[in-house]
2 protein chains.
Amino acid sequence: MNNISLLVDLYELTMAQSYFVYKKDSRATFDLFIRDLPPNRSYLICAGLEDILSYIKNLEFSKEDLKYLKKQKLFSNEFLNYLSKFRFRGDIWAMPEGTVFFANEPCLRVTASIIEAQIIESALLNTINLQTMIASKASRVVYAAGNKGVYDFSLRRTHGSDAAVKVSRASYIAGFKGTSNVLSAKLYNIPAVGTMAHSFVMAFKREIDSFLAYSSTFPDTTTLLVDTYNTKKGIKNAVLIALYLKEGGYRLKGIRLDSGDMAGLSKTARRILDKEGLGYVKIFASGNLDEFKIKNLLDRDALIDNFGVGTNMGTSIDAPSLDVIYKISEVTDSNGKFLPTMKLSSHKATYPGRKQVFRIENKKRKFVKDILGLDSEKIKGRALLKKVVDNGRVVYKSPSIEKIRAFTKENIEKFDNKLRHIYSEYKYPVLISPQLKKLRNTLHLDLEKRQ
Amino acid sequence: MNNISLLVDLYELTMAQSYFVYKKDSRATFDLFIRDLPPNRSYLICAGLEDILSYIKNLEFSKEDLKYLKKQKLFSNEFLNYLSKFRFRGDIWAMPEGTVFFANEPCLRVTASIIEAQIIESALLNTINLQTMIASKASRVVYAAGNKGVYDFSLRRTHGSDAAVKVSRASYIAGFKGTSNVLSAKLYNIPAVGTMAHSFVMAFKREIDSFLAYSSTFPDTTTLLVDTYNTKKGIKNAVLIALYLKEGGYRLKGIRLDSGDMAGLSKTARRILDKEGLGYVKIFASGNLDEFKIKNLLDRDALIDNFGVGTNMGTSIDAPSLDVIYKISEVTDSNGKFLPTMKLSSHKATYPGRKQVFRIENKKRKFVKDILGLDSEKIKGRALLKKVVDNGRVVYKSPSIEKIRAFTKENIEKFDNKLRHIYSEYKYPVLISPQLKKLRNTLHLDLEKRQ
């Protein structure tokens with residue numbers, strides 16, 4: 001889908017038309033943030049900004065789009081004419097991709113004509129939800145695996161083609177080492193990796209025939225799948241192939257375990273391989289893996305070098321959505337002056353005003369707390385939201401994926417180690433500045449009168 | 001993404017090259033099926049075929065694709081040359097979209113050159129996984145809501161743009177009445193629906209000002225969101241607007257509840273509305289709804305007319321992936337004769353041979369059992385797999401979405417009512433034909449020797 005300008009909830013457009021009639025000159029600020037961290041998560045990793053900037057650049061309604069909208073019999077000619085010239089002309093502030101952040105901290109802030117700010121809502125939420133959710137899940141997998149390699153094998157179970165490539169990108173940013181998805185590898189310049197499938201083994205009369213065929217085709221890059229019939233026999237067949245390759249001056253790259261007791265099988269495999277002088281043959285494991293299963297395998301001293309991680313990471317299976325929302329925090333009055341606002345609904349109240357997230361370091365350059373404050377406040381600490389769009393012009397150049405990946409690692413490792421434990425109960429402190437607290441309390445009383 | 005030919009796991013291509021060298025003339029049959037139903041599900045609804053047929057039609061490797069593959073230093077010039085002329089030339093049999101099916105029943109079967117059959121694996125799995133998972137989840141929501149309307153509100157939380165539109169389509173097939181996603185509505189000719197957001201209410205000085213502005217813009221199609229500040233006051237403000245519209249000859253369409261005790265609030269709202277002669281004003285509910293919450297609301301006699309269902313349906317939150325697999329079931333020998341095969345791995349064994357699913361009706365034309373048998377068997381019952389691709393040519397024309405939707409309803413309602421209960425423990429009988437059983441047992445012994 002090249003033009004996703006119509007990827008918008010209908011109400012954004014109907015509200016826009018009503019604003020067009022009643023509040024054409026209003027400007028507003030919206031915060032995009034995650035209300036609560038999902039279960040088991042103690043941090044999030046921001047991802048999706050590159051796509052958002054590309055969306056903002058390309059956002060316009062084609063003639064065909066306008067024709068479709070006209071047919072809905074909801075929109076006036078004046079408003080459709082406005083849409084035909086529509087471009088986003090406001091400001092966006094955002095955390096760079098790879099930034100660690102927490103509940104209630106805006107990772108993106110929009111200040112624009114209220115019509116423009118509203119129209120971009122659905123696409124922004126959709127983008128940040130997917131990529132941040134996956135980067136955050138993938139980061140847990142990376143740290144559970146310690147110094148072992150993890151690879152994205154999720155293509156077949158991701159939600160469609162767009163998710164398939166975004167998952168590869170987000171997981172690579174989080175520290176994965178490559179992907180099986182060739183399109184992602186091409187689009188994002190990520191290493192493409194792969195082994196072989198059970199069907200390949202089954203297409204030959206004997207397992208060893210399939211091993212021989214594959215390794216003859218790829219003598220230096222073969223990883224043999226050993227569990228199609230009987231894993232122990234499969235390992236022994238792989239050893240025969242490895243020894244055969246060795247005679248020709250080639251090295252079998254690895255074997256893959258995909259079922260059974262993988263901790264035990266990996267030890268068996270390692271022992272057999274090492275006994276034959278095949279210490280260089282890596283053991284690869286796959287099969288419904290995630291951070292919990294990887295930790296469990298490593299706790300049981302599994303001798304696995306690399307993990308292929310698919311469905312559970314690629315769908316963020318234990319939390320397949322984030323509680324990501326986009327809330328208005330200020331709006332201009334009839335004189336064009338910004339006035340803070342907030343939502344009061346039970347359990348869903350928000351923080352008012354134009355805000356910034358300040359991250360505080362200690363003397364050892366470790367992050368010790370964040371302060372959610374007003375943008376106008378002078379708070380010592382790194383301001384995490386940077387201007388990325390200025391009056392509709394994209395002023396931020398996304399770093400290369402390698403730089404984002406390195407930044408992510410550097411960023412997360414400046415937090416207390418406890419943050420990265422997958423069963424962590426650690427709660428990184430996010431404080432509310434006194435000024436913001438005060439504003440919220442005052443406003444609360446004021447808003448209750450607005451009924 | 002227009003060309004998704006590279007949306008393939010790298011191993012499909014490396015295996016293809018090895019087949020190209022060692023088994024160029026081999027043909028094989030693969031079954032695409034779901035190994036186990038997810039928790040809470042007692043049936044699945046097949047969806048995704050239309051996209052698969054479009055993928056098959058368009059599948060070819062562009063010059064740019066080939067250039068990328070060449071750079072990987074894995075592929076021979078001969079094989080790249082083969083890929084440059086690649087088209088799928090095999091046969092595909094599939095269940096029409098909207099067909100109810102069960103664990104272990106192939107919903108799609110491919111017979112082709114083993115290279116071609118292998119290369120399409122990733123895209124087929126990705127497509128069926130998403131759309132079948134969503135149609136199956138959405139169907140549960142539809143039946144939990146009984147005669148109430150359900151609408152797709154999931155755009156902001158679906159996994160990317162492709163999932164966003166596929167979710168609208170799959171849920172519409174399953175019986176949803178429309179979507180908030182304008183792009184989906186346009187692409188698939190589905191009704192587009194929408195209400196208003198909290199931000200709209202907050203953009204005005206008083207709630208009632210926002211209500212007045214919106215309903216003046218859309219006097220006949222307004223649904224007012226009443227929970228931004230205080231729901232009961234919001235309902236009263238909506239009543240004022242409804243009475244004002246009534247005087248002008250217009251009808252307020254509805255009010256929307258998005259938080260709080262929605263069963264209780266809906267009764268309060270209904271009472272207040274009815275007292276004022278506003279019986280025609282519908283009550284719309286939204287907010288983390290799914291089949292369980294809708295059933296709970298209706299069990300508590302909530303007076304809700306329509307439900308907006310987002311995240312939980314759009315991510316199939318309690319089962320965000322299906323155990324969907326693609327397994328080889330027969331392969332030709334050196335004489336070109338098809339020989340059945342199967343996988344033996346512990347807990348992952350499959351059924352061999354070219355199979356068909358036969359569905360048996362009783363005299364009242366209700367479905368009473370399925371038989372998974374060999375394609376060559378004469379079993380009385382409807383054969384569910386139809387030929388959709390013949391020697392690479394698409395021979396099946398997808399029905400209109402309205403026809404698929406009607407077929408889905410008709411199909412599912414021919415099963416025992418128990419199947420549709422959301423807490424059902426009912427297990428529809430899927431039997432294995434004696435011939436298939438026998439083949440499996442014989443083959444098992446034979447394959448154990450293949451080590």
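Residues are numbered from 1 along each chain as its sequence is written, and chains are lettered from A in the order in which they are written. Because the model is predicted, local features need pLDDT of at least 70 and side-chain atom pairs count only at pLDDT 80 or more, whereas totals for chains, interfaces and linings use all residues.

When superposed by least squares on the C-alpha atoms of residues with pLDDT of at least 70 in both copies, chain B can be laid on chain A with an RMSD of 0.0 Å by a turn of 180° and a shift of 0.0 Å along the axis. The two copies are thus related as by a two-fold rotation axis. The contact (C-beta atoms, placed from the backbone, within 7 Å) takes 88 residues from chain B and 88 residues from chain A. On the side of chain B that touches chain A, the largest share, nine residues, comes from helix 1 (residues 10-22) of chain B, helices being DSSP runs of H or I with at least four residues and strands runs of E with at least two, numbered from the N terminus. Since 100% of the interface residues of chain B are also interface residues in chain A, the copies meet through the same surface.

Within chain B, seven strands form an open, antiparallel sheet in the order 12-11-1-5-3-16-17, where two strands pair if DSSP finds at least two bridges between them. Strand 12 (338-340) and strand 17 (393-394) of chain B are the edge strands, each pairing on one side only. Strand 1 (residues 27-34) and strand 5 (residues 108-113) of chain B pair in the antiparallel sense over six bridges, and B:Ala28 has B:Ala112 in strand 5 of chain B as its bridge partner.

Definitions and conventions: Contact = placed C-beta atoms within 7 Å.
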